[in-house]
Amino acid sequence: MRSDKLVKLLDKVTELGIDISKSIFIQAVKVLYSTSESSWEARKKAYHKWGWSESDILMAFSLHPVCMNLSEKKIMSEMDFFVNEMNCEAKAIARHPTVLFYSLEKRIMPRCRVVKLLTVKGLIKPLRNLVSLLRMTDKTFLEKFITKYENVPGLLDVYRRNLNLRDLGFDSRELAKIKLL
């Protein structure tokens, strides 16, 4: 990279409020370097559709710069699941952008639906830390939520087949009361 371009990128990341002494600074520079202006704007537009303000986008970028490298399709599908099915507040995702990096089909949906099922049945208290739920290892998740409750009707179907809780006959109003973030 030419030195003048590098200086501009360093200035831009500094203007965005990211501390040069933090390791995330280099990641932010890399993201800005690899992202075209049109891609940056398209991703901002996707986040705006979910009610994120400029400051929400900046906060998410300063916490996890790679959130601006996600495709608009991934942003839209994951935000749709979190907001419309899991009843998360869209702006809460901006405070925890790492949740957007997990596989929707393989990790997010099965885990969130299992926890929601167990919560609706009154077997566990509502979780308020979606990040820890998604970060835990498969082994820990299975021990804590599957093996311990394996006799709960529909639990394995929700986890293995990625069934929606409405498919098990749960009322939408009842499900809407439970939030995961």
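Helix axes here are lines fitted to C-alpha atoms over the stretch in contact, and the angle between two of them runs from 0 to 180 degrees between N-to-C directions. The model is a predicted one.

**Packing of α3 and α5**

On that basis, helix α3 (residues 37-49) packs against helix α5 (residues 72-85) with the axes 9 Å apart and an angle of about 15 degrees. Because angles under 35 degrees count as roughly parallel, α3 is roughly parallel to α5. The crossing of these two helices, α3 and α5, is right-handed. On the α3 side the contact involves Ala42, Arg43, Ala46, Tyr47 and Lys49, which meet Glu72, Ile75 and Met76 of α5. By class, the residues of this contact between α3 and α5 are five nonpolar and three charged, with no polar ones.

**Packing of α7 and α9**

A second pair is formed by helix α7 (residues 104-120) and helix α9 (residues 138-147), whose axes come within 11 Å and cross at roughly 20 degrees. This angle makes α7 roughly parallel to α9. The crossing of α7 and α9 is left-handed. From α7, the residues making the contact are Arg107, Arg111, Val114, Val115 and Leu118; from α9, they are Asp138, Phe141, Phe145 and Ile146. Six residues of the contact of α7 with α9 are nonpolar and three are charged, and no polar residue takes part.

**The chain as a whole**

The chain has eleven helices and zero strands. Its pattern along the sequence is α-α-α-α-α-α-α-α-α-α-α. There are 181 residues in the chain, of which 44% count as buried. Taking contacts between residues at least 6 apart in sequence, 68% join residues at least 24 apart.

The average pLDDT of the chain is 87, and 88% of the residues score at least 70. Confidence is highest in α3, at a mean of 96, and lowest in helix α11 (residues 172-176), at 59.

**Single residues**

| Residue | Relative accessibility | Class |
|---|---|---|
| Lysine 106 | 73% | exposed |
| Lysine 148 | 59% | exposed |
| Asparagine 87 | 15% | buried |

Lysine 106 is found in helix α7. It counts as exposed because its relative accessibility is 73%, and the cut-off for exposed is over 50%. Lysine 106 and arginine 160 are separated by 54 residues in sequence, while their C-alpha atoms are 9.3 Å apart in space.

Lysine 148 lies in the loop between α9 and α10 (155-161). At 59% relative accessibility, lysine 148 is also classed as exposed. Apart from neighbours within four places in sequence, lysine 148 is in contact with Leu142 and Glu143.

Asparagine 87 sits in the loop between α5 and α6 (90-95). With a relative accessibility of 15%, asparagine 87 counts as buried, since buried means under 20%. Most residues other than glycine have a negative phi. Asparagine 87 is not a glycine, yet its phi is positive, at about 60 degrees.

Notes
Residues are numbered from 1 along each chain as its sequence is written. This is a predicted model: local features need pLDDT of at least 70, side-chain atom pairs count only at pLDDT 80 or more; totals for chains, interfaces and linings use all residues. Side-chain values use heavy atoms; hydrogens and water are left out. Helices (H or I, at least four residues) and strands (E, at least two) are DSSP runs, numbered from the N terminus. Angles under 35 degrees count as roughly parallel, over 145 as roughly antiparallel, 65 to 115 as roughly perpendicular and the rest as oblique. A crossing is left-handed if the near helix is turned anticlockwise from the far one by less than a right angle, and right-handed if clockwise. Contact means heavy atoms within 4.5 Å. Ala, Val, Leu, Ile, Met, Phe, Trp, Tyr, Cys and Pro count as nonpolar, Asp, Glu, Lys and Arg as charged, and the others, Gly among them, as polar. pLDDT is the predictor's confidence in each residue, from 0 to 100. Buried means under 20% relative accessible area, exposed over 50%, partly exposed in between (1.4 Å probe, protein chains only).
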